[in-house]
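Here is a friendly note to read alongside the model. Please keep the structure open while you go through the points.

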Amino acid sequence: MHNVLRLYGQAGEPLGCVPLTEGLLNRGYRLTTTRGRFFLKHHLDGDHAAIARQHAVTLRLAALGLPVAPPVADARGATVTVVDGRCYALHPWVEGRHRDGGALTRAQSRRLGALLGHVHMCLEKVCREEHPAAAAPAGRPDAQRPPEGPEKPPEGPGDPWQAQDAAADPQDTYALIEELLELVRRRPRDSFDELAEHRLVERRALLERHAHRRPAAAPARGWVHGDFHPLNLLYRGGEPAAIVDWDRLGVQPRAEEAVRAAVIFFLRPDGTLDLAKIRPYARAYRRACGADTAELAAAVHRVWWERLNDFWMLRWRYQLGDHRADPGFPASAALSVWWTRSYGAVREAFTD
């Protein structure tokens with residue numbers, strides 16, 4: 001880390017470096033120097049230009065008063081440092097802790113929704129000015145998003161500044177289910193494998209009953225954070241101190257981010273959603289960004305469909321041999337079943 005830090009003339013001399021365990025897509029370190037504490041981020045994707053664009057946006061957002069942690073410029077004035085072919089960025093250290101929906105009151109849930117709505121409005125202003133060619137007009141229902149979990153890494157190269165397309169095709173999902181079932185059944189089995197097999201068979205039956213409900217159109221598009229969830233929001237006391245990790249900044253159906261974030265924040269361990277907290281969250285989001293109930297209803301449907309077709313946690317375990325996501329699988333898998341059964345109540349909570 002000394003080779004990286006020496007490029008930052010104002011950061012001081014290194015005194016300590018602690019790797020951070022949270023997060024799945026990049027590597028982070030808490031640095032202590034003679035000038036204070038910093039967060040050093042190693043961007044594993046190494047896309048220098050994309051990282052620089054993200055930094056420019058967060059600097060503008062900070063100027064608008066949003067709680068972000070913009071990067072520190074190095075001695076050349078650059079915010080992305082490349083050492084041995086690896087991309088790094090240095091940020092001020094933000095004291096705070098992560099809080100999921102279980103730790104939030106209803107009033108704090110309302111403020112969370114208002115914050116995300118304000119983020120979307122500020123992004124629309126900043127990104128249209130910074131990157132007019134990449135901006136997509138809000139309200140165009142012609143771009144759809146492929147199924148993925150908020151913590152899921154990209155599966156290949158792509159341009160995060162452009163909207164994604166097509167909703168999941170259940171025929172592809174059936175094929176994936178068969179592949180995963182074969183992998184589950186060929187190995188020595190434990191309780192996780194038993195649950196995985198049960199949920200895969202159960203999900204196939206759900207899809208067969210609901211395949212006709214595949215979404216045909218996306219809600220309004222706009223600029224979004226792209227990965228808004230508890231591990232990317234730091235609280236100091238009862239208030240948000242910093243929104244971090246802007247790697248997925250891009251143009252997507254904006255209300256889907258609001259629904260997806262709520263599903264992560266307010267997911268209970270038993271696989272149900274805390275609708276009593278989602279209701280004030282959604283009302284505040286709609287007020288803050290001017291989204292109407294039709295936009296939220298369409299987003300609820302698309303995220304429900306996305307979840308019904310998504311098996312990224314099992315793909316990590318059985319295809320990649322990566323078990324980091326295993327602890328989240330029981331609640332996530334149970335959610336699809338509960339959400340399908342409680343579809344009307346969930347939709348009402350977001351649109352009431």
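1. By class, the lining of the largest cavity has six nonpolar, two polar and three charged residues. Here Ala, Val, Leu, Ile, Met, Phe, Trp, Tyr, Cys and Pro count as nonpolar, Asp, Glu, Lys and Arg as charged, and the others, Gly among them, as polar. A cavity is a set of points on a 1 Å grid over the protein atoms alone where a 1.4 Å probe fits but cannot get out, and lining residues have an atom within 4 Å of a point.

2. Before going on, note that this is a predicted model, where local features need pLDDT of at least 70, side-chain atom pairs count only at pLDDT 80 or more, and totals for chains, interfaces and linings use all residues. Residues are numbered from 1 along each chain as its sequence is written, and side-chain values use heavy atoms, leaving out hydrogens and water.

3. How many cavities of 30 Å³ or more does a search of the whole structure find? There are three, and the largest has a volume of about 110 Å³, a volume being the space filled by probe spheres set on the points. Its lining includes Arg 203, Trp 312 and Phe 329. The elements giving two or more residues to this lining are α9 (312-319) and α10 (329-341), and α10 gives the most, with four residues. Helices are DSSP runs (H or I, at least four residues), numbered from the N terminus.

4. Now find helix α6 (residues 254-265) and helix α8 (residues 293-309), which pack at an angle of about 60°, with their axes 8 Å apart. Axes are lines fitted to C-alpha atoms over the stretch in contact, and angles run from 0 to 180 degrees between N-to-C directions. The pair is therefore oblique; angles under 35 degrees count as roughly parallel, over 145 as roughly antiparallel, 65 to 115 as roughly perpendicular and the rest as oblique. Val 259 and Val 263 of α6 are among the contact residues, as are Leu 296 and Val 303 of α8 (contact means heavy atoms within 4.5 Å).

5. Helix α4 (residues 170-185) and helix α5 (residues 191-210) pack at about 160°, with axes 10 Å apart. These two are therefore roughly antiparallel to each other. The residues of their contact divide into 10 nonpolar, one polar and six charged.

Note on methods: On a 1 Å grid over the protein atoms alone, a cavity is a set of points where a 1.4 Å probe fits but cannot get out, and a pocket is an open set with protein on both sides within 12 Å along at least five of seven lines; lining residues have an atom within 4 Å of a point.
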